Amino acid sequence: MNKLILGRYFPGASRIHHLDPRAKLISGLAFVFITFLATNIQGLLLLWTFTFLVMFLSGTGFRTYLRGVRPLIWLILFTVALQILFTAGGDIYVDWGPFTISEFGLINAIYIFSRFVTIIFVTTVVTLTTKPVDLTDGINFLMRPLRFIHVPVEELSMMLTIALRFVPDLLDETQKIMDAQRARGAVFGEGSIFRQMKALVPVFLPIFSNSLNRGEELADIMEVRGYRAECKRSSYRALKWKMKDTVCLLVIVLLAAGFICLNLIYGSFHI
C-alpha cells in the first residue's frame, strides 16, 4: 500500500476529530500563510512546537506522519537544494561556477524546509481527522459567497472532495501496478531518461484506463442516487458551530500574533 496519507481519513475520537470542518479548513488555510511569518529562529521553534502539538492532539502517532511524508521527501529535498545552490549572501562556503553555497542560502533552506514540512503535517491532520462528506459540506459552506458571481459552488466543492478522496486510491493502484510489472521483469529508475519514461508507459496506460472506468462508475452511482448538480439540494447533515470551534480560530489568531511579536522583538532574517 502507498505510504502517502494526505487525503485519507483515520476514524478517531480526538479533540480535533470533533471540531467543525469549517473551523479546520479555515485554520489550515490560515496556517499556510502564517508560516511565512516565521522569519527567525524563535519563530521556527514556535512553528515546530505548534505543529507537533496539533499532531499530538489528532490522536495519530508521529510515525504515521513520518511515513506519510516520505513519498514527498525528494520533492522537498529538491526545493531545499535549489535554495542552497542559487541563493547567495553572507559568508561564501563554496563557489563553483553558477552554484554557490553561502550562509544565507543555508539559512533560507532551513526556513523553506520547515515551512514545507509543517504545512504538509498540518494539512494532513485536517484530512486525517475529517470525513470526506464533512469536507464537502465545509468547502461548500465557505464557498457560498461565490454564488453571487455565478460560480458553481456545489460542483466545485464536490469535485475537490472527490479528487482529494481518490488521490490515495490512485497512488495505491500505481504501487500495485508497478509491483506487478516488476514481477514480470520490468526495471524502474535505471538507464537514460528516455528509457525510464518508456518503462513507465505500461504503468500509465492501466492507471488512465482504470481512472476512466472508475469515473464512469462513480457518475452512474451518483445518478442512480438522484444527484442533480442543477437542483437545489438539502442535507440531513447540519453543521453546528460550537465554542470549541471559536477557540480553535482564536488559537490561530494568537499564533499569528505570537509570530508578529517575535519578529518585533528579535527581528527578521532577510536575504
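Which side chains meet in a salt bridge at 2.9 Å, N to O, with Arg214 as one partner? Glu173 and Arg214 do. The model is predicted: local features need pLDDT of at least 70, side-chain atom pairs count only at pLDDT 80 or more, and totals for chains, interfaces and linings use all residues. Residues are numbered from 1 along each chain as its sequence is written, and side-chain values use heavy atoms, with hydrogens and water left out.

**View 1. Salt bridge of Glu173 and Arg214.** A salt bridge is a side-chain nitrogen of Lys or Arg within 4 Å of a carboxyl oxygen of Asp or Glu. This pair links distant parts of the chain, with Glu173 in helix α7 (residues 153-183) and Arg214 in helix α8 (residues 193-224), 41 residues apart. Helices are DSSP runs (H or I, at least four residues), numbered from the N terminus.

**View 2. Salt bridge of Asp20 and Arg22.** The closest N and O atoms are 2.9 Å apart. Asp20 is buried at 4% relative accessible area, and Arg22 is buried at 8% (buried: under 20%; exposed: over 50%; partly exposed: in between; 1.4 Å probe, protein chains only).

**View 3. Aromatic pair of Phe31 and Phe50.** Rings of Phe, Tyr and Trp (its six-membered ring) pair if their centres lie within 6.5 Å; planes under 30 degrees apart count as stacked, over 60 as edge-to-face and the rest as tilted. The pair is stacked, at 5.7 Å centre to centre and 25 degrees between the planes. Phe31 and Phe50 are both buried.

Terms used: Helices (H or I, at least four residues) and strands (E, at least two) are DSSP runs, numbered from the N terminus.
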